[in-house]
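Please open the model in a viewer and keep the selection panel at hand. The stops below are meant to be followed in order.

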Amino acid sequence: VAIITLTTDFGLDDVYVGMMKGAILREHPAASIVDLTHAVEPGNVRHGAWLLGAAWRSFPPETFHVAVIDPGVGTNRRALAVRTEDHTFLAPDNGLLHSLFESPAAPAIRVIEEAHRRSPGLGTTFDGHDVFAPLAGRLAEGMAFEDVGPLVRDPVTLAPFHPVPSAGGWRAEIVHIDRFGNLVTTASRSFLRGSFGESWDRIAVRLGGHLVSGLHRGYSEAPEGDLVMTIGSAGTLEISRNRGSARDLIGLCVGDWVEIAPAR
Amino acid sequence: VAIITLTTDFGLDDVYVGMMKGAILREHPAASIVDLTHAVEPGNVRHGAWLLGAAWRSFPPETFHVAVIDPGVGTNRRALAVRTEDHTFLAPDNGLLHSLFESPAAPAIRVIEEAHRRSPGLGTTFDGHDVFAPLAGRLAEGMAFEDVGPLVRDPVTLAPFHPVPSAGGWRAEIVHIDRFGNLVTTASRSFLRGSFGESWDRIAVRLGGHLVSGLHRGYSEAPEGDLVMTIGSAGTLEISRNRGSARDLIGLCVGDWVEIAPAR
Amino acid sequence: VAIITLTTDFGLDDVYVGMMKGAILREHPAASIVDLTHAVEPGNVRHGAWLLGAAWRSFPPETFHVAVIDPGVGTNRRALAVRTEDHTFLAPDNGLLHSLFESPAAPAIRVIEEAHRRSPGLGTTFDGHDVFAPLAGRLAEGMAFEDVGPLVRDPVTLAPFHPVPSAGGWRAEIVHIDRFGNLVTTASRSFLRGSFGESWDRIAVRLGGHLVSGLHRGYSEAPEGDLVMTIGSAGTLEISRNRGSARDLIGLCVGDWVEIAPAR
């Protein structure tokens, strides 16, 4: 049984995700299809790239990942198939697979040839259904990765998912805000250890006029209503609020930055 | 492995969809169940009928489709099982399967006998769980379609999903508005070709005080913020806005109409 | 094929649910995973306990149910595995499995030993991914229930899901409000029969200044816009509005109470 994950900005209110699953199952009826998320901010490739990069390692080797945040659909933007660490990824060539290109493992990157398009002549704005889903199904069914198309070395990339130096320490980007109002940053545990050494868990973070100090293991280690910092599910620094929403208290957005420094 | 799709107005916040899946799996534990959508406007049978009609052909032959938008549940409205083009459909007899009755292929229509109800005596308002889901599971498990109940020829139908003539050309209904604010109409590519001939892609559409001309292959062929027309995922005319929402700009709703004429 | 259900307050916008599914599939790639709901009110253990209790019996025997509403994650709150009526449940020890402890069948309750944690050293706030999901996968793969950890007899419990006597009859709690605005109460059919005898379907319910009388089998048995009472999908009394929302009309919330008395 092949496992195929889906990451899109299609939402779940429309039939688009269901149609993609049908297009996969037409090629590989035994597929086990898992939704990663369909709530990527519409057209926000960077947001989708972070979420996919945070989640795909939870899946077993030989999983296929289809990602479609695709404002350029219908134009001549390329479509890519990428293979790395025993996983296979399909996505438009717009930076959506950026996290794979940041990894030390060198991925194999191929351009999907137009001949792999299905349903020619119906719509022109749904490559998730006409290109990516059926190709994932055929790869799951046993089609050779080499038959996807020619190797390339120049995929579209994004600004790095990594903190940058600042006057007082480092600045880390808020790359996602979850349902609970937790602010997810790019500052990984290994970055913090490398930058702040043994006292990496005694950092202070300044954001939107607030100052938070010290890392905790759980939200309820802080008094109710207080801000609290943890290492979250992506393995990076998150700013939360015990029994509340850090977003609602602080008012920051995806794309804003926080300032990290040693605690006094 | 049988594939079973679900289309309802239950939303995903409640446990109703999960309970339907349980009721399917009790009868056919190997079922591969796919959500088409659970965000049909509550009680809006016409909306559900369009979405199901737009999506089911993406699935392989011998797929089962369960659709439950059912404001008449608990009354003596009939329940139907329909077979057409190697697919099987289960739904209340309220027009929800209308698109099948518009197709040239003659479907076989059977009334589901009351004896197929499961869990008698628990609730009375959840035929999705007590009738449609378990029957889909049993059909998937191998039960003969003929054993569902007697053939009938008088299913409830709806107004046609087709443009109607108007003074200046044709009027097409907006049957769905998606997450991106794209306005989906009933004007299919084949209708446009049949009505406007070789210049079918040089039509003009008037809607809510706006005029849009020409068909494009992708949203980004228009300048950012401009309206753009494409053939969308249902194979019909859609009015969109590059990097924006046509709905938010124009302010129309499902059930409104657009005017189609040859471009000047 | 093992069936595994998920009940959380994670929502579907984030990748958390997808990551849990990946963690299950790493241990048991053939798992058939079903979402019960991910829209439990954030941190509201009682709400989740009701929804899980209302839904799990729709699934076949030997189903595994993972439930994670977990405001105490990262602290020393215990994690439980419970077995009853041929189903297996995994959840934090905070009352989320309360409905199982109300049942006459005596469940076997074990504490999940810390050794079953996966991914040590990444995040600390996602036991759904690091503990509950992989353990469900291993149990589905054949691990013995006894190997989870030692038996205990003192799980955290909640206030009973049962009406309480009042001056004029009984008071029943509103434990859930669904997408349609139906108010779901704790008053089961068997409770009504036991308390009101043969005339159990001629009760009157007072709530928020409104009085509703008599039980119906379907919403449309009442005039459009009227309140109507039915036995809903959980087998309990629900107050609804034909072609409308009882919540929007009455303005009650989860946790409010209604008064049940014999009709005059």
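The tour of this predicted model visits an interface and then a sheet.

**The interface of chains A and C**

Begin by selecting chain A and chain C together: 33 residues of chain A are in contact with 31 residues of chain C. About 2800 Å² is buried between the two chains, and carbon and sulfur atoms give 56% of this area. Next, select Arg179(A), Arg217(A) and Ser233(A), which supply 23% of the area that chain A buries against chain C, more than any other three residues.

Then colour the elements of chain A that touch chain C. Strand S2 (32-37), helix H2 (45-55), strand S8 (170-177) and strand S12 (227-231) of chain A each supply at least two residues to this side, and S2(A) gives the most, with five residues. By class, this side of chain A has 14 nonpolar, eleven polar and eight charged residues.

**The sheet of chain C**

Now select the six strands of the open, mixed sheet in chain C, ordered S2-S1-S3-S5-S4-S6. Strand S2 (32-37) and strand S6 (108-111) of chain C each have a single partner strand, so one side of each lacks a neighbour in the sheet.

Zoom in on strand S1 (residues 3-8) of chain C, which runs parallel to S2(C) and is joined to S2(C) by five bridges. Here Ile4(C) stands opposite Ile33(C).

Finally, show helix H1 (residues 16-27) of chain B, which packs on the sheet and touches S1 and S2 of chain C.

How values were computed: Residues are numbered from 1 along each chain as its sequence is written. Chains are lettered from A and ligands numbered from 1 in the order in which they are written. This is a predicted model: local features need pLDDT of at least 70, side-chain atom pairs count only at pLDDT 80 or more; totals for chains, interfaces and linings use all residues. Side-chain values use heavy atoms; hydrogens and water are left out. Contact means heavy atoms within 4.5 Å. Buried area is the accessible area (1.4 Å probe) that two parts lose on being put together, summed over both. Helices (H or I, at least four residues) and strands (E, at least two) are DSSP runs, numbered from the N terminus. Ala, Val, Leu, Ile, Met, Phe, Trp, Tyr, Cys and Pro count as nonpolar, Asp, Glu, Lys and Arg as charged, and the others, Gly among them, as polar. Two strands pair if DSSP finds at least two bridges between them. Axes are lines fitted to C-alpha atoms, for helices over the stretch in contact, and angles run from 0 to 180 degrees between N-to-C directions.
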